[in-house]
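Please consider the sequence and the three-dimensional structure shown below. The paragraphs that follow lead through selected parts of it in turn.

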Amino acid sequence: MESSKKGSPLPEAYDVVVIGGGPGGYVAAIKAAQLGLMTAVVERDEVGGVCLNWGCIPSKSLLRNAEVVNLVRNANDYGISVKNPSYDMGVAIDRSRRVVDSMVKGVRFLLKKNKVALLRGTARLTGPNTISLDPVGDEIKAKSIIVATGARARDLPTLTTDGEQVITSREALDLREVPKSIAIVGAGPVGMEFAYFYRTYGAEVTVIELLDRCVPAEDEEVSEELAREFEKLGITIKTGVGVDSAERVDGHVHLSLGKSGRSGTIEVDKVLLGVGITPNTENLGLEETGVKLDDGGWISIDEQMRTSVPSVYAIGDVTGKLALAHVAQHMGVIASEAIAGQETRPLIYEDMPRATYCQPQVASCGLTEEQARHQGHSVKVGKFPFTASGKAVAIGSTAGFVKLIADANSGEVLGAHMIGHDVTEILPEVSMVKMLEGTVQELGRTVHAHPSMSEAVMEAGLGTLGSFLHI
């Protein structure tokens, strides 16, 4: 059921109303409906949220295009002769939009299949159990409310977006022409993925990161390996430096780096800002309803996603916990289970899988080596390079490694850190072992298919015991 017109029939009260139809919101709604609760989603734009429409899904489509371009570019390595190939980034953008359209239709179907009402408009809390729906003017009553309004890219004090020369990932996903040069401010997953994409299509790319290494949330050895691989691609990475000022001149952007430009200046056609997010909590009526926000405007929640108002829950990026779509989805499941009176299991945010989808990919969960030692663990490390993997050699992708962090006394897995071809696909087995409080001994003794990239996980497990088989 979909409603957007004033006067459309609404029930006297829903059991659950979810504000926001992004990955957390629509999953929360589906789960609530499956638990027998009369459920609605309020969405002012399109279901799927930023992730599906302007984030995770279209960007991965573009990254796949980049991988194909690189395969064609290196076709001679496989005995294939390709003369004068051309690469049209506009076609890649078109394909990404078709992928999005297909996925959006899929989400709409799932909501309909599970009898979730889709209400079009902008929601505002008018009380702990009431919501106004603009512009139609309806009042919606709900026994429980789940806020899933997400977050948006933020500006820097020294650099603000204009949607043309200084852009966010939102505008980047609509950019049909390859910029001759682009500076990407922020070397997290978003920045590194777009750096790989634009460089593949021929742009001169400079990545600027205030902290001392790229992908700074990852294990230090992973950061070093990714920086080396990007430099091989011709990407310039400047770390430990920020943007002091920006000036737009004759269609170019001049960036002054470091305090008073002490780290030099660069001139580029475009700048992409990927320096973090700010929560979408304005004009929602949260504070008037008594929902507590922290100093950054994020919604404070407990382990069951409940806010300071017992009938109001919050999930996903708007909470400031961990801005990942899959985390938002599992937060949504927990919130719906709590509302339905079911037993819930708290999320351990440091154990959530993290992924960066450039090539080589980066995937991790749990503690880095530095974090494990800082927390007082006696640590053993097993690190297996893909240069020793038969499958990696066979497919011609030997960059990277699998690194496991284990407690030296119990062998329990504390963390896993991977960089290599499609390593996001082999992370889940370690995530499951970690959730079950399993050990590196168990990973090392699990039979893996040969040849496979996942054998590197087995070898890294054995490596923590000093028992590598192939190095």
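Across the whole structure, which is a predicted model, a search finds 19 salt bridges. One of them brings together the side chains of Glu288 and Arg124, with a distance of 3.1 Å from N to O. Glu288 belongs to helix 8 (residues 286-289) and Arg124 to strand 5 (residues 122-127), so this pair ties together parts that lie 164 residues apart in sequence. The two partners can also be described by their accessibility. Glu288 counts as exposed because its relative accessibility is 60%, over the 50% cut-off. Arg124 has a relative accessible area of 29% and is therefore partly exposed.

A further salt bridge is formed by the side chains of Lys383 and Glu221, at 2.8 Å from N to O. Here the link runs between strand 21 (residues 379-385), which holds Lys383, and helix 7 (residues 220-232), which holds Glu221, so parts 162 residues apart in sequence are tied together. Both residues fall between the cut-offs of 20% and 50%. Lys383, at 31% relative accessibility, counts as partly exposed, and Glu221, at 26%, counts as partly exposed as well.

Glu369 and Lys403 make another such pair, and their closest N and O atoms are 2.7 Å apart. Through shared partners, salt bridges join Asp219, Glu221, Glu369, Arg373, Lys383 and Lys403 into one network.

Is Lys403 buried or exposed? Its relative accessibility is 1%, under the 20% cut-off, and Lys403 therefore counts as buried. The side chain of Lys403 makes a polar contact of 2.9 Å with the side chain of Asp219, and a polar contact of 2.7 Å joins the side chains of Lys403 and Glu369. When neighbours within four places in sequence are left aside, the residues in contact with Lys403 are Asp219, Glu221, Glu369, Val381, Gly382, Lys383, Gly415, Ala416 and His417.

The description now turns to another part of the chain. Helix 3 spans residues 56-73, a run of 18 residues. From its first C-alpha to its last, helix 3 reaches 26 Å, close to the 26 Å expected at 1.5 Å a residue. Which residues of helix 3 are buried? They are Pro58, Ser59, Ser61, Leu62, Leu63, Asn65, Ala66, Glu67, Val69 and Asn70. These buried residues pack against three other helices: helix 2 (49-54), helix 4 (89-113) and helix 6 (189-200).

The surface also carries a nonpolar patch, formed by Val68, Leu71, Val72, Tyr78, Ile80, Val82 and Tyr87. Together, these residues have about 560 Å² of accessible area. Among them, Tyr78 is found in the loop between helix 3 and helix 4. With a relative accessibility of 46%, Tyr78 lies between the cut-offs of 20% and 50%, and so counts as partly exposed.

Conventions. Residues numbered from 1 in each chain as written. Predicted model: local features only at pLDDT ≥ 70, side-chain atom pairs only at ≥ 80, totals over all residues. Heavy atoms only, no water. Helix = DSSP H or I, 4+ residues; strand = E, 2+ residues; numbered from the N terminus. Expected span 1.5 Å × (residues − 1). Buried < 20%, exposed > 50% of the residue type's maximum accessible area, 1.4 Å probe, protein only. Contact = heavy atoms within 4.5 Å. Polar contact = N/O pair within 3.5 Å; in protein donor to acceptor, adjacent residues only side chain to side chain. Patch = residues over 30% accessible without salt bridge, like charges linked within 9 Å, V, L, I, M, F, W, Y side chains within 5 Å. Areas by Shrake-Rupley, 256 points an atom, 1.4 Å probe, with all protein chains shown as cover. Salt bridge = Lys/Arg side-chain N within 4 Å of Asp/Glu carboxyl O.
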